[in-house]
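Please open the structure in your viewer and keep the selection tool at hand. The stops below go from one selection to the next.

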2 protein chains.
Amino acid sequence: MEKQIIEYLSKYTVITKELENAITESAFFKSYKKGHVLLKEGGFSNECYFILEGCIRSYFLKDGEEKTIEFYTEEQVVTPANYAKSIPSQYYLECIEDTIVNVSNPGLEKEMFKKYPQLESLSRIIAEVIITKHQETFTKFKTSNPEERYLYMLKTRPDLMQRASQYQIASYLGIKPESLSRIRKRLMKK
Amino acid sequence: MEKQIIEYLSKYTVITKELENAITESAFFKSYKKGHVLLKEGGFSNECYFILEGCIRSYFLKDGEEKTIEFYTEEQVVTPANYAKSIPSQYYLECIEDTIVNVSNPGLEKEMFKKYPQLESLSRIIAEVIITKHQETFTKFKTSNPEERYLYMLKTRPDLMQRASQYQIASYLGIKPESLSRIRKRLMKK
DNA sequence: TTAACTCATTGACTTAAGTTAAGAAATCAA
DNA sequence: TTGATTTCTTAACTTAAGTCAATGAGTTAA
């Protein structure tokens, strides 16, 4: 399992044997059943996760309806917005499949960054890559209509259709479940 | 002018006198006239900017229409997606006002990070804050309709209405200029 | 096995954004 | 200053998403 993390980090820089060992040794894992809630609205968080297997969904309630913010799957990092902060969470984190993660926390992070400054440098680089990806995703979303967004999701993350229910996907696409149903029907005919 | 940068960084951590001096000494500035294009689609970039005064807009062309991605104003950092990369830019960067920036480049950045590791640590932290803000912005956008988005913009960035033209703002809100015009009319009546 | 519940689909209707086109207002340049 | 250009507004029409309600399909638990 450790290999997956090293592989992920190696995309961005060369990981020395020493650092690899340090990561491997300090890594610890947790696994959750489908339906497990990692974080509740109003709750606090001192853990962040690297997904090795499974799917985590972030969502919040607006007028009693669940609004899916994001689906996180294999090779993705989930850092709660209130990670290491003393502010209550605005959203839920829920496993929508049996999920295995590598867990970290502020203490461990700090210690590792101190011991291996290269790791913090790498974190900065990855954070910047994520910013760029977010902006591309957001721009794509803004300049598309619901049907185009659905097609784009099918192209870039086809697995999600199998992994999540349609009402979860609908709000992820910024539309109502009924609309998603109609879009699918419309596209079937073509 | 240097003070603005120090002030910005001080929000996140304590800046030692030594680091302050280093930043101040290495800082250099540029100013551009309204209309100046900093980066063209297809072009390359080796500069990033911290805006001291003015406004920079990022946009691209889709079916001949300008789609505004973002407006950057005072205290914001503009890092082109292809900064320090040998890939052509997907978008334009244009000053929509006379603009004064602090400029950096990969070489200077690297040098400063090497000399002052604390600065790279700070960059990581700021990058993570930006990720969180992006996600909040995106979520707000997805769960709002065009009218709500417009009202939210008026609340959070009211200055933009004076600084940018309506067709620029319209695409920034993910709608057509005609719709923005109608939304404004509708709200006037209320 | 059935009853309860959740989720997805469908239909009728409402609402608002997109489209196209025209004209008014504001801005810019010769 | 005037003519050209750009930007904004308005109107008529089209299209599709939202809303509400009903039904069907699938799942879960007693």
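Into how many nonpolar, polar and charged residues does the surface near DNA strand C divide? The residues there are 5 nonpolar, 5 polar and 8 charged, where Ala, Val, Leu, Ile, Met, Phe, Trp, Tyr, Cys and Pro count as nonpolar, Asp, Glu, Lys and Arg as charged, and the others, Gly among them, as polar.

Before selecting anything, note that this is a predicted model, in which local features need pLDDT of at least 70 and side-chain atom pairs count only at pLDDT 80 or more, while totals for chains, interfaces and linings use all residues. Residues are numbered from 1 along each chain as its sequence is written, and chains are lettered from A and ligands numbered from 1 in the order in which they are written.

Select DNA strand C: 18 residues surround it, a residue being near a strand if its C-beta atom, placed from the backbone, lies within 6 Å of it. The closest are A:Ser165, A:Gln166, A:Ser181, B:Lys176 and B:Ser179. Two or more residues each come from α7 (166-172) and α8 of chain A, and from α5 (146-156) and α8 of chain B; helices (H or I, at least four residues) and strands (E, at least two) are DSSP runs, numbered from the N terminus. With 6 residues, α8(A) gives the largest share.

The largest share, 6 residues, belongs to α8(B).

Finish at the open sheet of 4 strands in chain B, ordered β1-β8-β3-β6 with antiparallel pairing, where two strands pair if DSSP finds at least two bridges between them. At its edges stand β1 (28-32) and β6 (77-78), each with a single partner strand, so one side of each is left without a neighbour in the sheet. Zoom in on β1(B) and β8 (residues 99-104), which pair in the antiparallel sense over 5 bridges; B:Tyr32 has B:Thr99 of β8(B) as its bridge partner.
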